[in-house]
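Please look over the sequence and the structure before reading on.

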Amino acid sequence: MVSDDRAISLSRPFRVLIVGGSYSGLSAALTLLDLCNGRLARFNYTADAKPPNNQIPIHITLVDERDGFSLASESFASKTWIQFADIPALQSSNIQLIRGSVNSVNPREKIAHILDLKSNHAREEQYDFLIAGSGLRRAFPTVPQSLLKEQFLAEAKAHQRNIQNAREGVVVVGGGAVGVEVAAELKILEPWQKVTLVHSRDQLLSAEPLPDDFKERVCAVLREVGVEIILGQRVIATTASTTEGDRQIWQLTLADQTRVKAGHVINAVSKSVPTTSYLPQEAMDTEGYVPIRSSLQFPEGIPNADHHFAVGDIATWAAIKRCGGAMHMGYYAANNVHQLILSESLNVKPDFLHLADAPPVIGLALGDNAVSYTSADRTQHGKHLLELMFGDDMGHSICWNYMRLSEPCKA
Ligand SMILES: Cc1cc2nc3c(=O)[nH]c(=O)nc-3n(C[C@H](O)[C@H](O)[C@H](O)COP(=O)(O)OP(=O)(O)OC[C@H]3O[C@@H](n4cnc5c(N)ncnc54)[C@H](O)[C@@H]3O)c2cc1C
């Protein structure tokens, strides 16, 4: 990599360990590759920005339990699951891809213990900087659970079969952001299917810090795309009532004792849990999120906190977790790692990027429509927004192109 006279000579490359190869981890890896090769970071849109003066030897280890990058969507992921080995931007001698699970991290020693899922062997990885971007653990079936593309395709097929065979309709329990998108997605998958969304509160998205008119618009659009909505009813029991051949029929009992039959039930209620069990307890809050500083560094007091970063959904920052926020955090964290590398190599003061406050922003794809909210534009909706925010694949191509994943890595 380091070939011209801008190259900083070091006894060994800086080692950066990235946990998680999704939106936040990938944007961190790509930013580091750009900057350490003396290029402007691909996410830097500052008008007068200049590329770094130096090239720096770097070795990035990117660990993910999955074998590829994909959307958090059971219905679309079959089209969008791309194995890491097939992502041109990652094919670099500066990146080592490990399919593995990070089991523990010792920040004092800067060592991670990883279970290599290919060989099933434990390994130790020494690092100079850690960027943790391992996201949230979400329950099946709202999010694909498979770790391998092949397994996933089978999982997606089974999911689709369950939807198709559900003659008594599909009930989605939980009207949060995931539940409403899942319900609408089912109407795209099988437009003829009866889809019912049951939510315990009187308003959808009741836990989100969003205005009432946004929540009401989401409800109206969902009804327009054909989703039946039951509000203000908690599901108190779900029992398998009868079986027809290999088909199970479910009966849901609501708080007012109403019974709802379903051929398939999707639970979108269970809370997402941060996947941070590999980090020391002191680095997390009581719910397992990492209370980062605005530089994305771990909270002070953790050994070597300045060399540890958390990005994406596991970090406490934005009230609403989004892909865009995750990519933004990956970029900022990697920029700040690069600044620390320059500082340690050239004895200069690091010039960090700091996260600004993140007011609630959301965009929901609801069938052939979309509803969005930003503090500037307030609530908006319409089919044109769907195309603008999600394209025709739930935003996969937009994120893919934004990260420039098709561009072969330049040395
Ligand atoms: C159903 C659904 C719909 C959504 N819709 C939208 C939307 O429309 N717009 C939007 O902006 N956002 C949406 N989101 C949120 C968005 O998906 C997240 O904000 C985003 O994925 C966060 O990215 P991340 O990189 O932090 O983590 P993730 O995307 O969760 O990725 C984490 C990665 O880390 C890996 N990993 C986890 N633990 C370990 C470990 N111990 N060792 C190694 N690897 C590990 C995982 O395999 C995974 O690849 C949606 C989420 C869901 C569930």
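## Helix 6 and what follows

Directly after helix 6 comes Asn347, which has a positive phi, near 60 degrees. The model is a predicted one.

Helix 6 has 24 residues, and 17 of them are buried, so the helix is mostly covered. At 1.5 Å a residue, helix 6 should span 34 Å, and this agrees with its end C-alpha atoms, which are 34 Å apart. The expected span is 1.5 Å times one less than the number of residues.

## Contacts with the ligand

The ligand is surrounded by 32 residues. The closest of these are Ser22, Ser24, Asp64, Asp313 and Cys323.

A polar backbone atom of Val102 is 3.0 Å from a nitrogen atom of the ligand, and a backbone N or O atom of Ser134 lies 3.4 Å from an oxygen atom of the ligand. Taken alone, the ligand exposes 1000 Å², of which the protein buries 90%.

## Make-up of the shell

Two or more residues of the shell around the ligand come from each of these elements: helix 1 (23-36), strand 2 (58-64), strand 5 (95-106), helix 4 (177-189) and helix 6 (323-346). Strand 5 gives the largest share, three residues.

By residue type, the shell around the ligand holds twelve nonpolar, twelve polar and eight charged residues.

Note on methods: Residues numbered from 1 in each chain as written. Predicted model: local features only at pLDDT ≥ 70, side-chain atom pairs only at ≥ 80, totals over all residues. Heavy atoms only, no water. Near = heavy atom within 4 Å. Polar contact = N/O pair within 3.5 Å; in protein donor to acceptor, adjacent residues only side chain to side chain. Areas by Shrake-Rupley, 256 points an atom, 1.4 Å probe, with all protein chains shown as cover. Helix = DSSP H or I, 4+ residues; strand = E, 2+ residues; numbered from the N terminus. Nonpolar A, V, L, I, M, F, W, Y, C, P; charged D, E, K, R; others polar. Buried < 20%, exposed > 50% of the residue type's maximum accessible area, 1.4 Å probe, protein only.
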